[in-house]
Amino acid sequence: MIISVVVAAGEDNSIGAKNDLMWKLPNDMRFFKNLTWGMPVVMGRKTFESMGSKPLPGRINIVISSTLQFDGEKENLVMVKNLEEAINRAEQTDCKEVFIIGGGQIYKEAMRRVDCIYMTRVHAVFPQADTFFPPIDSAVFDRISSKSMPVDERHAIAFTLETWKRK
Ligand SMILES: NC(=O)c1ccc[n+]([C@@H]2O[C@H](COP(=O)([O-])OP(=O)(O)OC[C@H]3O[C@@H](n4cnc5c(N)ncnc54)[C@H](OP(=O)(O)O)[C@@H]3O)[C@@H](O)[C@H]2O)c1
C-alpha cells in the first residue's frame, strides 16, 4: 500500500492557525476530494475536531488520539491510538493507497514512512500561523509534477499543485 500525504502549505510551510485553515481555495478542496474519495484517510484528533468532529463522507476516516473515547467503529469512522495502528487499519481495507491528511503533529510523525506527497503550495506567507509542515527534503523526494493555478474570481491567492515521490 502506498502511503501518501496530502497537504496545503504556504511559502513558509504554514498549514493552520487556531485549529483552522487560513485560506479558501475551492479548486484545491475539489482536488482533495477527488484524490481521496473512496480511500482511507488518516488524521490527528485536532484536525478531526477542526472539521466539527464529523467524518469526511465517502472515505474511511481513521482518527489518531490517546484521549478520545474508543467505542470501536461506527460507519466510516475509526479511532486508533497511534500512526502504526492507523496504517495497519488502512491496510485492512485492501486499498492501494492511504492518505495522511494532517495536521502538523501527524505529518511530522509520518514523514519517515511516506512514499508520496501531494503538496498544494499556496503562494503567500501567513504570520498568524501556529502549525507547520516539515520542509520537504529534496535529497529524499523528487518533485515529479507541478500545475500552476492562477488567481481568479474564486481564488484570491495563486497556488501550485505539486506531486513529490520518494527517490
Ligand atoms: N493545510 C493543511 O493541509 C492542513 C491539513 C490538516 C490540518 N491542518 C491544520 O493543522 C492544525 C492541526 O494540527 P495539529 O498539529 O495541531 O494537530 P493534529 O496533528 O491534527 O492532531 C494532534 C493530535 O493527534 C493525536 N496524536 C498525534 N500523535 C499521536 C500519537 N503518536 N499517539 C497518539 N495520539 C497522537 C493527539 O491527540 P490526543 O491529544 O487526543 O491524544 C494529538 O493531540 C489545524 O490548524 C488544522 O486546520 C492543515
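What we have is a predicted model, where local features need pLDDT of at least 70, side-chain atom pairs count only at pLDDT 80 or more, and totals for chains, interfaces and linings use all residues. Residues are numbered from 1 along each chain as its sequence is written.

So, the overall picture. The chain has four helices and eleven strands; those are DSSP runs numbered from the N terminus, H or I of at least four residues for helices and E of at least two for strands. The radius of gyration is 15 Å, close to the 15 Å from the globule rule for 167 residues, so the chain is as compact as a globular protein of that length. That radius is taken over C-alpha atoms, and the rule is 2.2 Å times the number of residues to the power 0.38. Along the principal axes, the C-alpha trace spans about 45 × 35 × 25 Å.

Buried means 20 or more other C-beta atoms within 10 Å of a residue's own, exposed means 12 or fewer, and partly exposed is in between, with C-beta atoms placed from the backbone. Contact means two such C-beta atoms within 7 Å. On those terms, 30% of the 167 residues count as buried. And of the contacts with a separation of 6 or more, 66% come from residues 24 or more positions apart.

Now the core. Which residues have the most contacts inside the largest nonpolar core? They are Val-5, Val-7, Val-42, Ile-62 and Ile-100, in a core of 34 residues. By core I mean buried Ala, Val, Leu, Ile, Met, Phe, Trp, Tyr and Cys residues joined through C-beta atoms within 7 Å. Strand S1 gives the most to this core, with five residues. As a general point, nonpolar side chains in soluble globular proteins tend to be buried together.

Let's zoom in on Val-42 and its strand, S3. Five of the five residues of S3 are buried, so this strand is largely enclosed by the rest of the structure. Pro-40, Val-42 and Gly-44 point one way, and Val-41 and Met-43 the other. In a regular strand, side chains do alternate between the two faces of the sheet. S3 pairs with S4, residues 60–64, in the parallel sense over five bridges; pairing takes at least two DSSP bridges between two strands. Val-42 sits opposite Ile-62 there. Beyond four places in sequence, Val-42 is in contact with Ile-62, Ile-64, Ala-86, Ala-90, Val-98, Ile-100 and Ile-101.

S4 also holds Asn-61, which is buried, with 20 other C-beta atoms within 10 Å. Outside its sequence neighbours within four places, its contacts include Val-41, Pro-55 and Leu-56.

On to the ligand. How many residues surround the ligand? There are 29, and the closest are Gly-16, Gly-44, Gly-102, Gly-103 and Gly-104. A residue gets onto that list if its C-beta atom, placed from the backbone, lies within 6 Å. S1, S2, S3, H2 and H4 each supply at least two residues of the shell. By class, the shell has ten nonpolar, 14 polar and five charged residues. Here Ala, Val, Leu, Ile, Met, Phe, Trp, Tyr, Cys and Pro are nonpolar, Asp, Glu, Lys and Arg are charged, and the others, Gly among them, are polar.

Gly-102 and Gly-103 are joined by a cis peptide bond, with omega about 0 degrees. Gly-103 is in the loop between S7 and H4.

Asn-13 is partly exposed, with 19 C-beta atoms within 10 Å, whereas Asp-94 counts as exposed, with 7.

Last stop, the other strands. The partner of Cys-116 in S11 is Lys-165. Cys-116 is also 6.6 Å from Ile-3, C-alpha to C-alpha, although they are 113 residues apart in sequence. S11 pairs with S10 as well, antiparallel, over eight bridges, with Phe-141 opposite Arg-166.
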